[in-house]
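Subject: Handing over the structure

Hi there,

Here is the structure I promised to pass on to you. Please have it open while you read, and my notes on what turned up in it follow below.

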Amino acid sequence: MEEKIALPSEGAHGERDGTATATCYCGAVQIEVPTEGEGLVDTFICHCTDCRKITASMFASNFVVKDTHLKHLRGEDKLTRFRQKDTIATGNYMENSFCSVCGTLLYRRSSGYPGMSIPRIGTIDDFGLQETKFKPRIETFEKDRCAWLKPASVKEHVDGAYYTGGKEWKSMHDGAGGKGN
């Protein structure tokens, strides 16, 4: 039996009262996130080896929101969470929240950046907002970018980590050669 997947999902909305919806591929999990103001902290692309592996792609497109501004509209009970630090360059724990039905990674949370969530730009239901309000501002871990991929058209380029919770960054993957950011 084949299920019909509707994109965007039921209940999805574009910008409304400074918020928008983000939904997993199958529609079982939907969150509401800020599109502006203090709740929307930043937008970025990450080329770190962890993001490449967890997304099964060559980079991840992300945005950072304050947890106080992230609202679960449906399916929070359908999230499967996986937490580890072995592959995280900064040595922080990273918790990944996946839809248990379709496997979409909805957001991540880092122990080094408490009170914040890192959803994926591709989960935003309004594709126009992906091009505008959620356009990445920063490109991080450029040192890990594939040689065949050109630099993104963003405002800031960072060789390593950008969000370190005030700590100087040194990649555990680089040994003594890590750079501080």
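A residue is called buried here when its relative accessible area is under 20%, exposed when that value is over 50%, and partly exposed in between. Cys146, with a relative accessibility of 12%, is therefore a buried residue. Please keep in mind throughout that this is a predicted model.

First, the overall layout. The protein has 181 residues, and 45% of them are buried. Its secondary structure consists of 2 helices and 11 strands. Reading from the N terminus, the order of elements is β-β-β-α-β-β-β-β-β-β-α-β-β.

Next, the cysteines. How many disulfides does the count come to? The count is 0. Cys102 shows how this comes about: the nearest cysteine sulfur to its own belongs to Cys99 and is 3.8 Å away. A disulfide needs two cysteine sulfur atoms within 2.5 Å, so Cys102 is in no disulfide.

Asp17 is not a glycine, yet it has a positive phi of about 55 degrees. You will find Asp17 in the segment before β1, the strand that covers 19-23. Its relative accessible area is 77%, so Asp17 counts as exposed. The other residue is Phe141, also not a glycine, with a positive phi of about 50 degrees. Phe141 sits in the loop between β10 (138-140) and β11 (156-157). Is Phe141 buried or exposed? Phe141 is buried, because its relative accessible area comes to 6%.

Gly18 belongs to the segment before β1 as well. With a relative accessibility of 17%, Gly18 counts as buried. Gly18 and Gly39 are separated by 21 residues in sequence, and their C-alpha atoms are 9.6 Å apart in space.

On to the pocket. The largest pocket has a volume of about 370 Å³. Its lining is made up of 20 residues, and those nearest the centre are Thr23, Thr104, Arg120, Gly122 and Thr123. Among the elements that contribute, α1 (49-55) and β4 (60-66) each supply at least two residues of the lining. By residue class, the lining of the largest pocket divides into 10 nonpolar, 8 polar and 2 charged residues.

The loop between α1 and β4 holds Phe59. Phe59 has a relative accessible area of 31%, which means that it is partly exposed.

Ile118 is in strand β9, residues 116-119, and at 11% relative accessibility Ile118 counts as buried. From Ile118 to Ser61 the sequence separation is 57 residues, and the C-alpha atoms are 9.7 Å apart. Phe127 has its place in helix α2, which covers residues 127-131. Phe127 is exposed, with a relative accessible area of 54%. Pro8 is 119 residues from Phe127 along the chain, and the two C-alpha atoms are separated by 9.2 Å.

Finally, the aromatic side chains. The structure holds 1 aromatic pair. What lies over the face of Tyr93? That is Arg83, at 3.9 Å from the ring centre.

Happy browsing, and do write back with any questions.

Best wishes

Key
Residues are numbered from 1 along each chain as its sequence is written. This is a predicted model: local features need pLDDT of at least 70, side-chain atom pairs count only at pLDDT 80 or more; totals for chains, interfaces and linings use all residues. Side-chain values use heavy atoms; hydrogens and water are left out. Rings of Phe, Tyr and Trp (its six-membered ring) pair if their centres lie within 6.5 Å; planes under 30 degrees apart count as stacked, over 60 as edge-to-face and the rest as tilted. A charge sits over a ring if NZ of Lys or CZ of Arg is within 6 Å of the ring centre and within 35 degrees of the ring normal. Helices (H or I, at least four residues) and strands (E, at least two) are DSSP runs, numbered from the N terminus. Buried means under 20% relative accessible area, exposed over 50%, partly exposed in between (1.4 Å probe, protein chains only). On a 1 Å grid over the protein atoms alone, a cavity is a set of points where a 1.4 Å probe fits but cannot get out, and a pocket is an open set with protein on both sides within 12 Å along at least five of seven lines; lining residues have an atom within 4 Å of a point. Grid points are joined across faces, edges and corners, and a volume is the space filled by probe spheres set on the points. Ala, Val, Leu, Ile, Met, Phe, Trp, Tyr, Cys and Pro count as nonpolar, Asp, Glu, Lys and Arg as charged, and the others, Gly among them, as polar.
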